[in-house]
Amino acid sequence: MGKFKKGHKGGFKVGLVPHNKMRKCVSSKESDSEQTRYVRLTREMTNLVKNVPYKEDKSTSNPDIKPATLLRPKSSDIRKAKPVKSVKEKQRIESETNRTINIKLNAVMWNAVFNEHSELSPHCKGFLEWDMSKEERWGLGNSECAICDTCSYQSKRYRLYEEVQTGKKGRKPAKMNIGAQAALAQTSISTTSFRKILFGTNSVAPSVKGLQKRANVVLPKIKEINESDMKRLRERLIHIKKLRGADNPSAVSLQGDAAYNNPLYSGVGRTPFQPATQVVYTVAENETQDKSILTVLQKINCASYTQ
Ligand SMILES: [Zn+2]
């Protein structure tokens, strides 16, 4: 047995050179990679560092480089409080944006405003403009008030969009909003892209909720119109066949094709069929030169709807 030593057995070995010997400043050194690095990050950064979406291959990673040890994230990210804008500043910023307005209603508004202003304050040479704090938006349309920057003149609110006469109580829908939804139904873009385009033109865009609400009203109507129109075309075709003296006028020569949402290559190695979660199958007649579409079949979540 060796000589008994009191105290801990650990300690520096003879001849060991500490990694930080003679170091005056903290600059990276080769030995640093062997040291544990402690970092305290924000909650967002901690999540980003910790959660790896793919499985890491340990064999290819360099064993000399140690990952940093993450400390408990900072309790809250310090965010700069947004400076509160004054009414004047808000007015200036909003005045530099664009709006879609009805030209005639705009002319009516300004004629009334100029007359009213000159009557109330005949000697005022102030600048008349829209009061952006009193602006009322209705999807793409908006109602505006006019104010004078010199006197205390303030007009009533003028509606600058055309309304649809529904005959019902309450606020009437704007023609512009319904038209926009009808047009969107015929393009491949929807709410997000539509808003992006509007923002790109420095205009105000309707809210996502508002656009969806309007789409829920307009789209079923478009579907209804299309269905009744296709029914009319089917009946017309039978009538044409009857006029041609066909034996069985209901037997019609057809052609059909499907359009899928997924590209073909996305199913390579997984399915021999068309990979798709959505499909639109269109059937057109092959009896007249019009080649009218007679019916459209649409399926969503069609796991292997291809046969
Ligand atoms: Zn004035």
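Which residue in strand 9 is the bridge partner of Ala-258? In this predicted model, the partner is Tyr-281.

## Basis of the model

The model is predicted, and local features are reported where pLDDT is at least 70, side-chain atom pairs count only at pLDDT 80 or more, and totals for chains, interfaces and linings use all residues. Residue numbers start from 1 along each chain as its sequence is written.

## Overall architecture

The protein chain has 6 helices and 10 strands; helices (H or I, at least four residues) and strands (E, at least two) are DSSP runs numbered from the N terminus. Of its 307 residues, 9% count as buried. A residue is buried if 20 or more other C-beta atoms lie within 10 Å of its own, exposed if 12 or fewer, and partly exposed in between, with C-beta atoms placed from the backbone.

Among the contacts in the protein chain with a separation of 6 or more, 54% are between residues 24 or more positions apart. Two residues are in contact if their C-beta atoms, placed from the backbone, lie within 7 Å.

## The nonpolar core

The largest nonpolar core has 12 residues, including Trp-130, Leu-140, Tyr-161 and Met-176. Such a core is a set of buried Ala, Val, Leu, Ile, Met, Phe, Trp, Tyr and Cys residues joined through C-beta atoms within 7 Å. At least two residues of this core come from each of helix 3 (103-120), strand 6 (146-148) and helix 4 (175-184); strand 6 provides the largest share, 3 residues. Domain 1 (86-161) and domain 2 (169-249) each contribute at least three residues to the core, the domain bounds being taken from an automatic or database domain assignment.

Leaving aside residues up to four places away in sequence, Met-176 touches Thr-100, Gly-139, Leu-140, Gly-141 and Tyr-161.

An open sheet is formed by 3 strands in the order 8-9-10, with antiparallel pairing; two strands pair if DSSP finds at least two bridges between them. Strand 8 and strand 10 (293-300) are at the edges, each with a single partner strand, so one side of each has no neighbour in the sheet. From one strand to the next, the twist averages 15°.

Strand 8 (residues 254-260) and strand 9 (residues 278-285) run antiparallel and are joined by 7 bridges. One of the bridge partners in strand 9 is Val-279, paired with Tyr-260. Strand 8 is hardly covered, with 0 buried residues among its 7.

Helix 6 (residues 208-243) lies across strand 9 and strand 10, at about 140° to strand 10. Axes are lines fitted to C-alpha atoms, for helices over the stretch in contact, and angles run from 0 to 180 degrees between N-to-C directions.
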